[in-house]
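Work through the exercises below with the structure in view. Try each task before you read its solution.

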Amino acid sequence: MGVCMFTTQRLILIALCAALNFSIGSIVYLIKLPVYFDSVGTILCALLIFPDRKAAFVCCLTCALTSTVFTGLLVNPFLPWFVGTDLVICLCAAFLTANFGNTFRARPMQPVKFGSRVLIAGIVTGVTAAIVSAPVVAYLFGGVTGSGSAFVVAFFLKTGQQLMNAVLLSGLTADPVDKTLQVLVSALLFRATPADFIAMVRGTPARV
Amino acid sequence: MTPNGAIVFAACAIVAIVLSDGLGISLLYALVVLFSLSEVGPRVMGCLRRAVLVMAPLATFMLIIWVGIVGRAPAEIAADVEGTREAALFYVVVVAARLFLIVFLVQAVAMRFDHETPLSFVRALNAPPGAKRLAILTLSLIETLRNAVDRAHTALVAAGIITRAISFRNIGSGWILVQTVWLTAITTVTARMRDKWPIENTLGLLGPALDGGKQRLTFRDWFWLVLTLTIAAAGHAWSYLHA
């Protein structure tokens, strides 16, 4: 299973998407925006590999873990504790977002269909990620990690919320927006990716 | 010290730092300082500088959030009491000290092997060949992506689509830059896979180049490992007895 799943092309795609996660995620972390933007490569990886759902999940999880290790070691010491969040993002990407691949690549673009699919995928991924991240943020880091979303936690704490509530509310406020934007960027990059590259990654004949 | 020993030592020390408090953290500070002085020598100042560069913005950020905005520590919030900025400050100092130690340790381990190339370091690791290959490809593609950013930026500036300085036009055309970077990276990777690598047999040579990692842990590796575990256990025992 492992041998045919990790073809050379897929291995290179995983590395490229991990590098994309690392680059965008590090910039956003360092400028303290109230979003994360560290999973664009993960979602894109699932979209590019998709018809083979199991391969899409395994490859995008490998991509997420690789970028988490690199970003955790080099830029953001908080990140390695969020592997659980990586897992649910990968599940959502491979089993939900990737289903919308045909809509994302449809020519001409159908804006309503495109937008609604992006919203559905983004909100579901965001809510799930927020629920999974909340206990880690609250119990391991006392509510504040290095990302800009800590401002939202601080706001809810200031309004008198308990720590876990504040973290969960902050997650439910910031994560759906963040993940919707990430799905949007991934979908647009997927749309822009040449068909022959996708065919090479999927191991199918090129189709325009 | 071997790369495998360094990875195992760093992993054990990080887990110990996360799980320890009070005297345990102080002992682990002493251990990491001892490790960096004996393994890295005078270059320890470089590790210190890098750790400060990573941690200073993060600590400032946490100070703004906890001391400036929230004004009380998480324990006080949980207990639903008024709370003080002093307690919030103490909390930030403890978290920042813990994270600083982790960052400093990682820098010291990285500095210990800075005479080696990433390829030789990864080759020496006792890891599955696929994982080694992925690590090397990711490192290489981070550079490719960096080059793609430079190329795309230069091309779009030359085409008059974006400007070098900050401008409103850059906000409007930001997406074009992102898309161009991605397409540049894709084109580079495709060209490598189709033409360059088959001609040079790069992937074929990468396999044997990454073979290795059969090296056993040395006495020095075991010494640091046992010392870490002993110190972690002593710290925990002290915390348990004084709880």
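**Exercise 1: a nonpolar patch**

A nonpolar surface patch of about 390 Å² is formed by A:Leu119, A:Ile123, A:Val127, A:Ile131 and A:Leu172. The model is predicted: local features need pLDDT of at least 70, side-chain atom pairs pLDDT 80 or more, while totals for chains, interfaces and linings use all residues. Residues are numbered from 1 along each chain as its sequence is written, chains are lettered from A in the order in which they are written, and side-chain values use heavy atoms, without hydrogens and water.

Solution: 
- A:Leu119 is partly exposed, at 45% relative accessible area (buried is under 20%, exposed over 50%, partly exposed in between; 1.4 Å probe, protein chains only).

**Exercise 2: the build of chain B**

Task: State how many helices and strands chain B has, then judge its spread from the radius of gyration.

Solution: 
- Chain B has 10 helices and 0 strands.
- Its radius of gyration is 24 Å, well over the 18 Å from the globule rule for 243 residues, so chain B is more spread out than a compact globule. The radius is taken over C-alpha atoms, and the rule is 2.2 Å times the number of residues to the power 0.38.
- The C-alpha trace of chain B spans about 65 × 55 × 35 Å along its principal axes.
- Buried residues make up 42% of the 243 in chain B.

Key:
Patches are made of residues with over 30% relative accessible area and no salt bridge: like charges are joined within 9 Å, nonpolar side chains (Val, Leu, Ile, Met, Phe, Trp, Tyr) within 5 Å. Accessible areas come from the Shrake-Rupley method with a 1.4 Å probe; for residues, only the protein chains shown count as cover. A salt bridge is a side-chain nitrogen of Lys or Arg within 4 Å of a carboxyl oxygen of Asp or Glu. Helices (H or I, at least four residues) and strands (E, at least two) are DSSP runs, numbered from the N terminus.
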